[in-house]
Amino acid sequence: MADGTNAPAAPLRLRVYQQLRQAIEQGTLGPGTRLPPSREHARALGVARNTVLWALERLRAEGYVQARVGDGSYVAPSLAALRTPAAARVLDDHALSLRGRAIADTALRWRPPAVAAAPFRIGAPEVAAFPHAVWDRLARQLTPAERFATAQYLDPAGLPVLREAIAQWLLFSRGLRCEAAQVLVCSGSQQAIDLIGRLLLDDGDEVLVEDPGYPGIRACLIGQGAKARPVAVDADGLDIAAGARDWPAARMAVVTPTHQFPLGVRMSLERRLALLAWARARDAWIVEDDYDGEFQYGAHRIPPLAGLARAERVLYVGTFSKSLHPGLRLGFIVLPPGLAPAFASAKALSDRHSPGELQLQLARFILDGHLLRHLRRMRELYPQRQALLIDALAKSTRGAVKLSPSEQGMHLTHEVSGRRSDAALSGRAREAGVLLAPLSAYAIESPRRGWLFGYAGYDAAALRDAARRVGPLLSA
């Protein structure tokens, strides 16, 4: 009965049962077949008779075997419907619905790398600097009553205390005024986009997306049956005039106006006002992804699009994956008041609600001032790392790569001209142990080429070492 592996062996009686059941399901023992007497079967296997009897009794209880008084045990005749190996068919993605295949295909192309530690991965915050001791202390301070309360089924929109904390934080940090009732707590910005697509778009609806832009948004929208329509991005952000001209039927626009991903430009006030006017005129929606808006390093911070006058058709998406760490898996949407109940209902259908204790910890973390203190430290640390990256790459490439400093964000983008394949060089960088995202991977129709350098989550030694590894590739 040995299986030839190093895995812990299952109990002997269970293995006898599994062997018999497999033989029945695969057709080796067909419907109506008489099984060997228990004594003979036990002797053939070299086991005790009770072991075989236990296996037969379980198979009888499950309906695989029938006992005939005075005549032994038989495979149940009703099992004729079981498929034989010749008739069996391996199910693959062709068994999915059309929408299921679209979701699987687009998600597979978008799926980010699983490697977390290698620079220059984009979007990776400094996890080591997160105040884990403070976070753990907040967890220990939860009372038994609070643990009991958060262990129940909760409001799918989120705990009231967290929604209030987020509303206060947005007013203080981003200048965005909203009511707690407008805040929906979700599992990061990706779930936020998923909910928005399901509730506000129908099959075939057109959505304006930035080109180049974040592929995770496009993948989610396409999976919902929408059509992602590319709109060029220039120094002022998404060109809404061109988008309105080229795609007059569009019902939504998804933008990153504070720090465009991946180019890093800010949407000008003129473009912001034009975008709001477009939404009002077309009864369209604007989704503002403020993925790293907390990281602005200049004297004056740009407020979100949702904070402007007449922004009633803007859905503001925020996440704690960048400001704290991605393992937290918490984010939020600030919704127009009339949409909040429907979104809460859809959230309930998706995953019922976010973890209660985690929400309560985060609320305390915000209200006690820990989020503010942590972000202050990161706003000092990240510009230092940015400057170090610029210097290290300039030295390792002998001046061939001169990154321009930025007053915001967690990555820098370096564009190149000509026909050089940025993806091919990124592949060689990966072989050298460096994650260097090619700019072309974020484009739909845009011919832009170059690379993205994430710096926020890596210390000086890691940044210098990564620059040394890719320097010869970039300067070749």
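## Basis of the description

A polar contact is a pair of N or O atoms within 3.5 Å. This report applies that term to a predicted model.

## The sheet

The model contains an open sheet of eight strands with mixed pairing. The strand order is β3-β10-β9-β8-β7-β4-β5-β6. Strands β3 (183–186) and β6 (237–238) form the edges, each pairing on one side only.

Within this sheet, β9 (residues 314–319) and β10 (residues 331–334) pair in the antiparallel sense, over four bridges. Gly318 has Phe332, in β10, as its bridge partner. In general, the strands of a sheet pair through backbone hydrogen bonds.

## Helices across the sheet

Helix α8, comprising residues 188–200, lies across β3, β7 (252–255), β8 (285–289), β9 and β10. Its direction is at about 155 degrees to β9.

Helix α11, comprising residues 269–282, lies across β4 (206–211), β5 (227–234), β6, β7, β8 and β9. Relative to β8, helix α11 runs at about 140 degrees.

Asp205 is located in the loop between α8 and β4. Its relative accessible area is 13%, and Asp205 is therefore buried, the cut-off being under 20%.

The side chain of Asp205 takes part in polar contacts. One of its polar atoms lies 2.7 Å from the backbone nitrogen of Asp202. A polar contact of 2.7 Å also joins the side chains of Asp205 and Arg251. Not counting residues up to four places away in sequence, Asp205 touches Leu200, Gly225, Ala226, Lys227 and Arg251.

Definitions and conventions:
Residues numbered from 1 in each chain as written. Predicted model: local features only at pLDDT ≥ 70, side-chain atom pairs only at ≥ 80, totals over all residues. Heavy atoms only, no water. Pairing = 2+ DSSP bridges. Helix = DSSP H or I, 4+ residues; strand = E, 2+ residues; numbered from the N terminus. Contact = heavy atoms within 4.5 Å. Axes fitted to C-alpha atoms, helices over the stretch in contact; angles between N-to-C directions. Buried < 20%, exposed > 50% of the residue type's maximum accessible area, 1.4 Å probe, protein only. Polar contact = N/O pair within 3.5 Å; in protein donor to acceptor, adjacent residues only side chain to side chain.
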